[in-house]
Amino acid sequence: MEYLNKNITDSFGREHDYLRISLTERCNLRCFYCMPAEGIPLRPRSEFMKKNEVVDIAKTFVDLGVKKIRLTGGEPLVRNDAKEIIEALSLLPVELAITTNGILVDKFINTFTSVGLKSVNVSLDSLQREKLNTITRRNYFDSIMSNIQLLIKQNFHVKLNAVIMRGVNDDEVIDFIEFTKENNVHFRFIEFMPFDGNKWNWKKGVSYKEMMTVINSSYFDKVQRIEDGKNDTSKNYKIEGYNGTFAVISSVTNPFCDSCNRLRLTADGKLKNCLFSNSETDLLSSLRHGENIRPLILESVWNKKARRGGMDTLAQFSNPTEHSKNRSMLAIGG
Ligand code: SAM
Ligand code: SF4
């Protein structure tokens, strides 16, 4: 079989060296576009990866060429053994990063520093207290904002993620960019994506093009395009003279599949070869049966579809029966 001769490469020649590991499906927020108000049904702990299993699976990926691991969730920092997992993974020869809602960052910042974790992505969908608390259905505005300042002061590489939704926070795009004037952060505006249960409708979304029209008409020639990294999922910009930068992640209107290098491991140990793929490979059960998971990983990556898990067109992407076959974002690990 052809894939067995390859490293972690798919049939289109894309090399995969970036793994996102979801540590949990649980979360201390209930962002309405991600999580139902009542939370998600709790499943027995035994169905999820234990610390040693996370590390064993991660090691196999590193042996196969993975160079960067990002921890995500749910909220990765609500896990009781998050500190131990971060410490164990930091011993692997990878760049370690994390995506968090920011609430618990002050409790973990010494761990981040001591293991050399430098890149922290924090979700921030509004700069307004009431609005953020409405979107997240919880009241953590102050701790999130002070933890973002803590990360900035301690010179972390901070990316802020805002899902831009019509009539919700699309009026704040300029405020988000103004936040980059004094603060050295990379603010990323994410097009609203469809997942199981999030009542997606593209009418609620705001496109890359539409965002740039608003931005260009506010800043004119002060908008500077900056170079995108090799596997960047975002189109990167800066306002002349500002400390920080901003970007748009256009997964809906302008997907970045051609240069995709990422894989996802869910908290229950399933490999997803694409954020939008409906199929999964159960690595955890095989690991528990003492089987070699390498061939499973290679086969799964080899079978990766060219674009968005096979949803090539916006029409397919907009079809609820297509994305309801997929998990919700927090069960995938965003
Ligand atoms: N709890 C952490 C956080 O909020 O950053 C990590 C997990 S969260 C699922 C990861 C990212 O996915 C967040 O930036 C969130 O805004 C984004 N996200 C969740 N649902 C989304 C959707 N439907 N469309 C676009 N982005 C989404
Ligand atoms: Fe939790 Fe992150 Fe989903 Fe918000 S986006 S509900 S913080 S997992």
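Is E210 buried, exposed or partly exposed? Select E210 to find out: E210 is partly exposed, with a relative accessible area of 34%. Keep in mind that this is a predicted model.

**Stop 1: the partner of E210**

The side chains of R166 and E210 meet in a salt bridge, at 2.8 Å from N to O. R166 sits in the loop between β5 and α6, while E210 belongs to helix α7 (residues 208-219), so the pair ties together parts 44 residues apart in sequence. R166 also counts as partly exposed, at 37% relative accessibility.

**Stop 2: a buried pair**

Now select E172 and K131. Their side chains meet in a salt bridge, 2.9 Å from N to O. E172 lies in the loop between β5 (157-164) and α6 (173-182), and K131 lies in helix α4. The two are 41 residues apart, and the pair links distant parts of the chain. E172 is buried, with a relative accessible area of 1%. K131 counts as buried too, at 15% relative accessibility; the cut-off for buried is under 20%.

**Stop 3**

R129 is partly exposed, with a relative accessible area of 40%. D142 is partly exposed as well, at 47%.

How many salt bridges does the structure hold? There are 15. For a network, select E25, R43, E47, D268 and K270: salt bridges that share partners join them into one.

**Stop 4: strand β3**

Select residues 95-100. This is strand β3. Five of its six residues are buried, so the strand is largely enclosed by the rest of the structure.

β2 and β3 pair in the parallel sense over four bridges. Look for K68: its bridge partner in β3 is E95. Bring in helix α2 (residues 82-89), and you have a right-handed β-α-β unit of β2, α2 and β3.

T100 stands opposite V122 in β4. Follow the chain from β3 through helix α3 (residues 105-115) to β4: this β-α-β crossover is right-handed.

**Stop 5: ligand 2**

Finish at ligand 2. What surrounds ligand 2? Select C27, L29, C31, C34, M35, G74 and N101. By class, this shell has five nonpolar residues, two polar ones and no charged ones.

Notes:
Residues are numbered from 1 along each chain as its sequence is written. Chains are lettered from A and ligands numbered from 1 in the order in which they are written. This is a predicted model: local features need pLDDT of at least 70, side-chain atom pairs count only at pLDDT 80 or more; totals for chains, interfaces and linings use all residues. Side-chain values use heavy atoms; hydrogens and water are left out. A residue is near a molecule or strand if one of its heavy atoms lies within 4 Å of it. Ala, Val, Leu, Ile, Met, Phe, Trp, Tyr, Cys and Pro count as nonpolar, Asp, Glu, Lys and Arg as charged, and the others, Gly among them, as polar. Buried means under 20% relative accessible area, exposed over 50%, partly exposed in between (1.4 Å probe, protein chains only). Two strands pair if DSSP finds at least two bridges between them. A crossover is right-handed if, with the strands pointing away from the viewer, the path from the first strand over the helix to the second runs clockwise. A salt bridge is a side-chain nitrogen of Lys or Arg within 4 Å of a carboxyl oxygen of Asp or Glu.
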